[in-house]
Amino acid sequence: MIRARALTKAYSRAASAKRAERRPSEDTSAKRAERRPSEVSTGSDGGRTLLAVDGIDLDVAAGESFGILGANGAGKSTTMRMIGATLQRTSGELTILGRDPAHEGPVIRAHLGVVPQQDTLDTELTVRENLLTYGRYFGLPRTALVPRIEELLDFAQLQDKRDEKVEALSGGMKRRLTIARGLVNDPSLLLLDEPTTGLDPQARHILWDRLYQLRETGVTLVLTTHYMDEAEQLCERLVIMDAGRIVAEGAPADLIRTYSSREVVEVRFGTNRNSEVLPHLHGIGDRIEELPDRLLVYTDTGESDLQEIVARGFMPVTALVRRASLEDVFLRLTGRSLVDG
Ligand SMILES: Nc1ncnc2c1ncn2[C@@H]1O[C@H](COP(=O)(O)OP(=O)(O)OP(=O)(O)O)[C@@H](O)[C@H]1O
Ligand SMILES: [Mg+2]
């Protein structure tokens, strides 16, 4: 479905150019960690060239659900736009559905469904009209489009909102409508750029349920996310991207096995005390990470390690023994936390 080799996208920026603007609403956690991609050269005007995607390789097979996990600015959307044939690569090879987007963009786009990071629904139109208008872009005849829209309204659980204007929908409903819109041409490959960012937990679960259902129908899903739980739930395989590069690739469970111990003990000793306690925990667990607000002890024997910490005279303010997650993989590989770094 997708084959990328040494795929690169460089952006040139004038000296005065600001960072790409982002809508504040898009970023639920202002603290999301970010490492900037490398700036590779400085032009004569003082402007810089930034490698947003820096020589990545990836393959996605038909029917797979594949994830790109990374922090702000990692290069996820840039990668998605190249796959979606709306952004030209700077160099490398890229084949989507057996075709090169540099030469056959329109043919590829006709077979793709795209859910961009920011909803681009027409807020003046109703739910149904949005689907109808989008379907017409693909040149679908009305006789095919009308029943298709009914199916999609059912799928997106938006039948009761069909004649409402989009501006009256909740964030979760808008996202479901954007997904429904992306499916109007019955694509074999659906690209979803941060499908649930900014949604509340319930709205996210409804969306995940819809995406599971799509998976079962055999649609290939490629999604980006910075939510570890989303990646673990939805992706059979994923890559972790950091500063334009892929730093790891695999099934979530395999990545966790490779890069983390089975369990993690999270202990908090209070402001400024974590680093004081750390030297006294020598020999406990396989490895200890110090975060600004807590220590993470990587181990296969969480409960007994916690007891050992207490036995050494250090009573944590809070303590939690949990299973290792993709968050731990991310931390190990990038040195930063995705959730609250
Ligand atoms: N049109 C552009 N011009 C210049 N730089 C850009 C442009 N679009 C993206 N960038 C830069 O390229 C890098 C990668 O951006 P990209 O949007 O692909 O990241 P992302 O992983 O999708 O981040 P986010 O989680 O915030 O959506 C960032 O440093 C960004 O500022
Ligand atoms: Mg993005």
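In this predicted model, the face of helix α4 turned away from its buried side carries the exposed residues T143, A144, P147 and D154. The buried residues of α4 are I149, L152 and L153. Because these three cover an arc of only 100 degrees around the axis, they lie on the same side of α4. A residue counts as buried when 20 or more other C-beta atoms lie within 10 Å of its own, and as exposed when that number is 12 or fewer. The cover over the buried residues of α4 includes two further helices, α3 (127-137) and α5 (171-182).

Helix α4 itself comprises 14 residues, numbered 142-155. From its first C-alpha to its last, the helix reaches 19 Å, which is close to the 20 Å expected at 1.5 Å a residue. Just after α4, the backbone at Q157 adopts a positive phi of about 55 degrees.

The surroundings of the ligand were examined next. Ligand 1 is surrounded by 18 residues, and the closest are Y11, A52, K76, S77 and T78. Two or more residues of this shell are given by each of β1 (2-13), β3 (48-60) and α1 (76-83). The largest share comes from α1, which supplies three residues to the shell around ligand 1.

Conventions: Residues are numbered from 1 along each chain as its sequence is written. Chains are lettered from A and ligands numbered from 1 in the order in which they are written. This is a predicted model: local features need pLDDT of at least 70, side-chain atom pairs count only at pLDDT 80 or more; totals for chains, interfaces and linings use all residues. A residue is near a molecule or strand if its C-beta atom, placed from the backbone, lies within 6 Å of it. Helices (H or I, at least four residues) and strands (E, at least two) are DSSP runs, numbered from the N terminus. The expected span of a helix is 1.5 Å times one less than its number of residues. The arc is that of the directions from the helix axis to the C-beta atoms. Two residues are in contact if their C-beta atoms, placed from the backbone, lie within 7 Å.
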